[in-house]
Amino acid sequence: MNTIMKKMEKVLMPLAEVIGKNKYLIAIRDGFLISTPLLIVGSLFLLIANFPIPGWDEMIARFLGEGWAAKLSVPVSATFDLMTILAVVGIGYSLGRELDIDAIQASVTGLVAFFIVTPFSRTFTPKGSDITYDVSCVPLDWVGSKGLFLGMIVALVAVTIFAKILKKGWVIKLPAGVPPTVAKSFEALIPAAIVMTVFFLINWVFTLTSYGNLHNFIFKILQVPLLKLGNTLPAMVIAYLFLHGFWFFGINGSSVVGAVFNPILKALSVENLDAFKAGQEIPNIITGQFQDMFATFGGAGSTLSLIIAIFIVCRSQRIKQMGKLSFLPGVFGINEPIIFGLPIMLNPLMLIPFALIPTINIIITYFCMTAGLVPLTNGVQIPWTTPPVISGFLVSGWQGSVLQLILIVLGVLMYIPFIKMLDKQYLKEEAVNAANDEDDDIDFDDLTL
C-alpha cells in the first residue's frame, strides 16, 4: 500500500502544482466566479417564474395577472443572455491581476477585442417575403452560451498580448505631474491599439472563409466536440477519480480539476437552461448541476453520508466529536473539517469509499436520467451550498429529491464498514491513552517511606 501511495503521490503532486500555479487556468476559474452571483440571482428569477409545482403559474396569475412570468424574464435575459460578456470581463480582469498589470484596462481591452470578432448583423427574411435583409443587432447567440468558448480564448489572448506590449515598454510616458489615472490611460494606448489591430486582422481573414466569422469556426471546430466529450459518463468518472485523488493528498481537487472541467460543464448547463426557458426538450445529462447536486453530498467524497454513518455506528469519542463538529457544515457542502480532522487525507483506510461513492453516485444518476426516471437538470443556477433534497427538487423536481435521499442512504451503507474499522482503531488508541493517563497519576497511598 505504501508503494502504491508513493507512486500516486509522484504523479498527482507535480500535476496539481502545475495546474494550481497556471495563471491562465486561475484566470478562467476566478473570472467565472465574478459573474457567478449575477447568474445565481438571474436563476432565482427564472426559478420563481418556472417553479416545479403543478398549477404554479395559474395560482400566481390570480394575484399578479396574466403574463407575470414574462416580466420576470428580464433579469434572466440580462444575465444568461449576456453571460459571455460577463465571462470576458471577469477572465480579462483576473488574468490582468495575475500578470500584474492594470486589471481594468486589460479587461476592457479584452472585451473590445471580443466585440471586434463578433458579427453585429444577421440576415432576416420577413414572413411572406422573398427578400432577405441584413439587420444590425446585438447577436444574443454569440454573447450568450454559444460564444462562451471564443470569449474565454479572446480574453486570454488579448490580455496576454496587452501585457507583453506593456512590459516591453512600448507605451506613451507622460510627465510626473500628470494624475495617475490619466497616465495609465495613455500607457494603455499603444498596447490596446496593437490588440485591436490583431483581432481586426483575424476577423477580416475569417470573413474570407466559408465559416464567415471566427465565432462559427470556434463553435464548430472546438466547442461542439468539447461539449460532446464532456457530456459523457467516462469523462465525468475519470474527472472525479482525479478530483478525489488530489483531495486524498490534501490538495483541493475541486479547484484543480474544476479549472479544466467546469467551463465545459457550465456551457452544458446553459444549453439546458436555454431549452428550459424555451419549453423545449432538455438536451444534456451531464451539467454543472448534475455534478454539484448528485455526485457528492456534503462535499468531495460525499462525506455527508460518512457523518451520518458516524452517528449510527461509532463509539470513539474522537470520531463522534468530529462528526458533531462536521455535521452542520456538511449539510451545506463544506467538508474540510472531516477531511482534515478525521482525517481522510493520507488515510488509506478511507480512500476506497471516499473515491468510490461519488463515482457510484454519478453512474446511478446517469442511468436514472437516461431511463427517464429522473428529469434532466434544468440548468438553473443555485448555490452549491444548497442542502440536498431542496437542491434536487429545484433542479430535477421531486424525483431529484428522492434520488438524492437514496444516494445518501447508499453512501451511508458503503461508509459503515470502513468507519467501523477506523472506529475500532481509535477506540484502542483511546484505551491505551486512558491507561497511560492513569499510570501517570500520583497516588499517595502507593508511596513508601
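## Aromatic rings

Rings of Phe, Tyr and Trp (its six-membered ring) pair if their centres lie within 6.5 Å; planes under 30 degrees apart count as stacked, over 60 as edge-to-face and the rest as tilted. In this predicted model, Phe114, Phe115 and Phe120 form one aromatic cluster.

The structure holds seven aromatic pairs. One of them joins Tyr211 and Phe217, edge-to-face, at 5.1 Å centre to centre and 85° between the planes. Tyr211 is partly exposed at 28% relative accessibility (buried is under 20%, exposed over 50%, partly exposed in between; 1.4 Å probe, protein chains only). Phe217 is also partly exposed, at 25%. Tyr366 and Phe367 are edge-to-face too, because their planes lie at 85°, with centres 5.8 Å apart. Tyr366 is buried, at 18%.

## Helix H2

Helices (H or I, at least four residues) and strands (E, at least two) are DSSP runs, numbered from the N terminus. The chain has 20 helices and two strands.

H2 covers residues 23-49. Its 27 residues should span 39 Å at 1.5 Å a residue, and the end C-alpha atoms are 39 Å apart, which agrees. H2 bends by about 40° at Ser35 (the angle between axes fitted to the seven residues ending there and the seven starting there). Pro37 follows within four residues.

## Whole chain

Of 449 residues, 46% count as buried. Accessible surface (Shrake-Rupley, 1.4 Å probe) comes to about 22700 Å², with 67% belonging to carbon and sulfur atoms.

## Basis

Residues are numbered from 1 along each chain as its sequence is written, and side-chain values use heavy atoms, without hydrogens and water. Local features need pLDDT of at least 70 and side-chain atom pairs 80 or more, while totals for chains, interfaces and linings use all residues.

Terms used. Expected span 1.5 Å × (residues − 1).
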